[in-house]
Number of protein chains: 2
Amino acid sequence: MPSTSPAETFPAHTPAASQIFTTVLTHGPLTRQETARRTGLSPAAVTKAVRPLIEAGFLVEDAGAEVRPAVGRPANPVRVDGGRALFVGLKATGDEIIGVLTDLCCRIRVARRVPLSGRAPREVLQVAADLVRELLTEAEGFGVRILGLGIAVAGDVDRATGTVRWSPFLNWHDVPLAGLAEEVSGLPVTVENDVRALTVAEQWFGDGVGLSDFAVVTVGAGIGCGLVVHGRVVPGAHGVAGEIGHVPVVPDGPPCHCGDRGCLEAVASDAAITARVREVTGVPVADAAEALALARQGNEGARAVYARAGEAIGRGIATVANLLGPERVIISGEGLAAYDLFAGQIRDAFTAAAFGSAARCEVRTRPLPFEEWARGAAATAIQSFVGR
Amino acid sequence: MPSTSPAETFPAHTPAASQIFTTVLTHGPLTRQETARRTGLSPAAVTKAVRPLIEAGFLVEDAGAEVRPAVGRPANPVRVDGGRALFVGLKATGDEIIGVLTDLCCRIRVARRVPLSGRAPREVLQVAADLVRELLTEAEGFGVRILGLGIAVAGDVDRATGTVRWSPFLNWHDVPLAGLAEEVSGLPVTVENDVRALTVAEQWFGDGVGLSDFAVVTVGAGIGCGLVVHGRVVPGAHGVAGEIGHVPVVPDGPPCHCGDRGCLEAVASDAAITARVREVTGVPVADAAEALALARQGNEGARAVYARAGEAIGRGIATVANLLGPERVIISGEGLAAYDLFAGQIRDAFTAAAFGSAARCEVRTRPLPFEEWARGAAATAIQSFVGR
DNA sequence: TTCTTTCATTGACATCGGAAAATAAGGAGC
DNA sequence: GCTCCTTATTTTCCGATGTCAATGAAAGAA
């Protein structure tokens, strides 16, 4: 599938130019003046950096709506032309691959999910290649080239080398995924841990825009956490960070597969909730959806299970807030479907357990459609392309 | 006390020069070649940056011991001349002020502690001024000028503005300490939270040298934690970070003053240990020293209390390691006097509670003489002087 | 003594980004 | 409509910074 022409490169060859582009990308249309202010550069520098980016089509003048002081020369806002380039993001789980085609502004154009037959790198790569090919075909319809491919995988991932050191669901060890995927796709590939990829998407295109310190907590099959400190995603010295799932939150709580008791994941993960609902209510619910349905029907036992999970999540978030003092925590994940059942508990437990100023940290929830994980992967590809 | 001449400034006017100086400062004697390699600059740039620093006396050629490949031109290492400048560091507690006079390499030359009569900013400032004056006199003996003053205070401190927003032990609210101290001392003043100051000292002059991600955990009257992520100390969005004291570690543990139960601080702080030893053994120990003595005498009940504290500390550290994935955790603080009584428990609990790769994080202990807190303050002053 | 190797220095040069002046594009006042 | 005022953007010039490639320096090896 290798494309015939070499990958297009981004015409921002200085850190300042990258910074300017990123600022415009993440903060919508901006005048050159405002861009200068935000980046700490001079307006002259912005003018000079913007020109080649406009010539290359990545930025466009945007005469659109603009609030002006109504006096003086009208400002001339600039924005990123999302349609200038496309990116593919893939999220691999143990069962399937979710793929999205996004534009340069990380807006999803096409989304697909395909089941996995096997988990060996070769098999997964085969399915991924087919999916990318399909999305490439779709892209032809837009008449725009795809400039990068991002892949998100749960587990221990080294983005710098594009290696999956260890992935629990896929049972991979030291797979040089970026290299392999580059061969079959012909695209520049970025490989990142799934939660960190989601965090990148929030940082550039979501609720983390403009914040230098925030956390993303995902609730679902597992409990994950992505951290941004000093404006950069925390990768962890050993490739692992944000393991919030094993923070102790419930005294003498249920045993966790990690060997401890009362871990957040042992109380609030889908599996934990489902098991506990079965145990408490005697109703043999098969999965999280059924457990949720039971609680929604008003089953008090099931509702109590969700309440306890909410309390656990709130305490887990408080631990993060106490340790890092983020500006905001964004809660997301499939588990948010039950949001109405534990929102109150999350907030109350957080407030109770957050110490001092940490309570000033804003807790926000954000529904997460299934493609969002793959979009995160695309965001990492955009990041790599832009050169940050 | 204002000095007659204006404060001397540091002749490194570019970020690269600061970086070069910092590299030599923290990594001992280095050849220009090696400095270039470590900073990612060219050897030419190092030569040019080093010259004015040598002329100003901050760096000196060091013909001392050097491992050489024995072939080619001998390398010409350069090191910081510690004696070129002196700094004062103060640590204010509720009862006393600890002051040290250090050289540019943050080696302690003189240490003093003086009791506080009152806690009002005015009173504290008066005592601090006297102490600084005394140290200035000492400095005259060295024939070197003092180029900066660092002050470490527990609580919510905004280093950028030099304001103590809130200090629990001193009961201060929004005290513009840096400005006040500059007036009475005539020195450039840096104000920082005490744990962060200690962390800075470790980062530049201690066990954190060369690490981009590590944590310092202090055990004593309280349990504190300083974090370095991406090579920078984490200040927290609201000026507060590293509140490890209220991580829940003991299921249904003793109530904590924060309102929760089983917080690390409610189990492992001096006061918690002392109270618990009294409760368990019936011996009316008055303070941590007596509790420690009792345990050292072999009192099983007291030893068990320390063992439990060690377990709690280990779990608290594991939480930090799980969340941030640091390369190393440095345990320090007055509480370390009891190290032999809980070292094993710390290690075991950490290993048990650290998830996956987080267990690869190295846990190190470091005895902390009482002046070390004040030395941390001096380190922040050095940092400010050098311009990082 | 000469060669080789490695570290350090030098000087030419490119690049980046800032300052200030010039230019552009409106609205307001008359 | 014309002029002035204000603010945004661009242009021009210029200094600072850091790299490159060549050169010098100081050993040990041949």
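For the classes used here, Ala, Val, Leu, Ile, Met, Phe, Trp, Tyr, Cys and Pro count as nonpolar, Asp, Glu, Lys and Arg count as charged, and the others, Gly among them, count as polar. This is a predicted model, in which local features need pLDDT of at least 70 and side-chain atom pairs count only at pLDDT 80 or more, while totals for chains, interfaces and linings use all residues. Residues are numbered from 1 along each chain as its sequence is written, and chains are lettered from A and ligands numbered from 1 in the order in which they are written.

**Surfaces near the DNA**

A residue is taken as near a strand if its C-beta atom, placed from the backbone, lies within 6 Å of it. Helices (H or I, at least four residues) and strands (E, at least two) are DSSP runs, numbered from the N terminus. The table sets out the two surfaces.

| DNA strand | Nearest of the 25 residues around it |
|---|---|
| C | A:Ala16, A:Ser42, A:Arg73, B:Gly72 and B:Arg73 |
| D | A:Gly72, A:Arg73, B:Ala16, B:Ser42 and B:Arg73 |

Around DNA strand D, two or more residues each come from helix H2 (32–39) and H3 of chain A and from helix H1 (15–26) and H3 of chain B, with H3(A) giving the largest share, three residues. By class, the surface near DNA strand D has 13 nonpolar, nine polar and three charged residues.

Near DNA strand C, at least two residues each are supplied by helix H1 (15–26) and helix H3 (43–55) of chain A and by helix H2 (32–39) and helix H3 (43–55) of chain B.

**Two positive phi angles**

Although A:Cys106 is not a glycine, its phi is positive, at about 65 degrees, and A:Cys106 lies in the loop between strand S4 (96–103) and strand S5 (108–115) of chain A. A residue is called buried if 20 or more other C-beta atoms, placed from the backbone, lie within 10 Å of its own, exposed if 12 or fewer do, and partly exposed in between. A:Cys106 is buried because 24 other C-beta atoms lie within 10 Å.

A:Asp174, also a residue other than glycine, has a positive phi near 50 degrees and belongs to strand S9 (residues 172–175) of chain A. A:Asp174 counts as exposed because it has 11 C-beta neighbours inside 10 Å.

**Nonpolar core**

A nonpolar core is a set of buried Ala, Val, Leu, Ile, Met, Phe, Trp, Tyr and Cys residues joined through C-beta atoms within 7 Å. Of the 256 residues in the largest nonpolar core, A:Ile151, A:Val329, B:Ile151 and B:Val329 touch the most other members.
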